[in-house]
Structures are given as structure tokens and as C-alpha cells.
Amino acid sequence: MSDKPKPITVNATLYWANLANKSELSGKYQVDLGQLSEGAVEALQQRGIVAKTKPPEPDKPDKGHFITCKSVNPIRAYNTAGDEISELVGNGSTAKVALGYYDWRSPAGKAGRSASILKLIVTELEVYESV
């Protein structure tokens, strides 16, 4: 039997969602899960995942406690009815997210643990529209 903790579910505000298209910066699909509660931060810490905070910057949203989830595969998002979302998810969308984790090691010898999205249910969609 494994000692690996069970997945957790967190409520989050989504930022910089690159769910269906890779981020130009990382070359991966990714999303920041922000406005995490103290309970979510603690549950993540128990799994070896550290939430970040950054001071607010002009013209950027204040994400509060947040983590960045990355994937080599597209991240599928669903609405509360269970239908897959085809619209681009914009900053400020809220979601219920089931998270697991994985350990990694880079070719340069760095190692760590990152959160992995198991299921992403958008509870309030802010559709991204390019300006």
C-alpha cells in the first residue's frame, strides 16, 4: 500500500490559463491557481508543494497564494454540468480543482515536486477575449 497522500480539491481563481495552447514562456500547457485559502496552502505543504505569493504589481492581478500547474498535455476544463469548455478561460475565472502531484528531476540535476491537475471544473467563467 502506498503512503502517497490522496488527491485534494481546492477552490481557486484562474490566471494566465494556457489550457489548449502552450505557453510561449514554458512551452507547456499551464495555469496559475490563485487566491488559495490557508487550508489549501497547508494541504499543499503537507504534500511537499509550496504556494507562492508576490507583491501586487501595476497592471497585473493580485493572485494571493498561488501555484502554477504545468502539463505536457492539454488541460481539459469542464463546466459544472460536466461539459467540456471550448472557450478560452480568462483571468478571474473561478474553479474547483482536484490536484495530485508528481516528482521531477531536470537534466541539470534540479529536483522537485509539482502539483498535477486531475480535474478542472470552472464554476464561474470569464471568457478571454483578445484586445
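**Exercise 1. Which charged end sits over the ring of Tyr78, and how far is it from the ring centre?**

Solution. This is a predicted model, in which local features need pLDDT of at least 70, side-chain atom pairs count only at pLDDT 80 or more, and totals for chains, interfaces and linings use all residues. Residues are numbered from 1 along each chain as its sequence is written, and side-chain values use heavy atoms, with hydrogens and water left out.

Step 1. A charge sits over a ring if NZ of Lys or CZ of Arg is within 6 Å of the ring centre and within 35 degrees of the ring normal.

Step 2. The charged end over Tyr78 belongs to Lys119, at 4.9 Å from the ring centre.

Step 3. Lys63 is likewise placed over the face of Phe66, with 4.0 Å to the ring centre.

**Exercise 2. Determine which residues have the most contacts inside the largest nonpolar core.**

Solution. Step 1. A nonpolar core is a set of buried Ala, Val, Leu, Ile, Met, Phe, Trp, Tyr and Cys residues joined through side-chain atoms within 4.5 Å. Buried means under 20% relative accessible area, exposed means over 50%, and partly exposed lies in between (1.4 Å probe, protein chains only).

Step 1. The largest such core holds 29 residues, and the most contacts inside it belong to Leu33, Ile67, Leu99 and Leu120.

Step 2. Two or more core residues come from each of strand E1 (8-18), strand E2 (29-34), helix H1 (38-46), strand E3 (67-71), strand E5 (94-105) and strand E6 (111-124). Helices (H or I, at least four residues) and strands (E, at least two) are DSSP runs, numbered from the N terminus.

Step 3. Contact means heavy atoms within 4.5 Å. Residues up to four places away in sequence aside, Leu33 touches Ala12, Thr13, Leu14, His65, Phe66, Ile67, Cys69, Val97 and Leu99.

**Exercise 3. Explain why the buried residues of H1 line one face of the helix.**

Solution. Step 1. The buried residues of H1 are Ala40, Val41, Ala43 and Leu44.

Step 1. Viewed down the helix axis, these residues fall within an arc of 165°, and therefore they line one face of H1. The arc is that of the directions from the helix axis to the C-beta atoms.

Step 2. The cover over the buried residues includes E1, E3 and E5. On the face turned away from the buried side, H1 carries the exposed residues Glu38 and Gln46.

Step 3. After H1 comes Gly48, with a positive phi near 85°.

**Exercise 4. Where do Trp16 and Gln35 lie?**

Solution. Step 1. Trp16 belongs to strand E1; its phi is positive, near 50°, although Trp16 is a residue other than glycine.

Step 1. Gln35 lies in the loop between E2 and H1, and its phi is also positive, about 55°.
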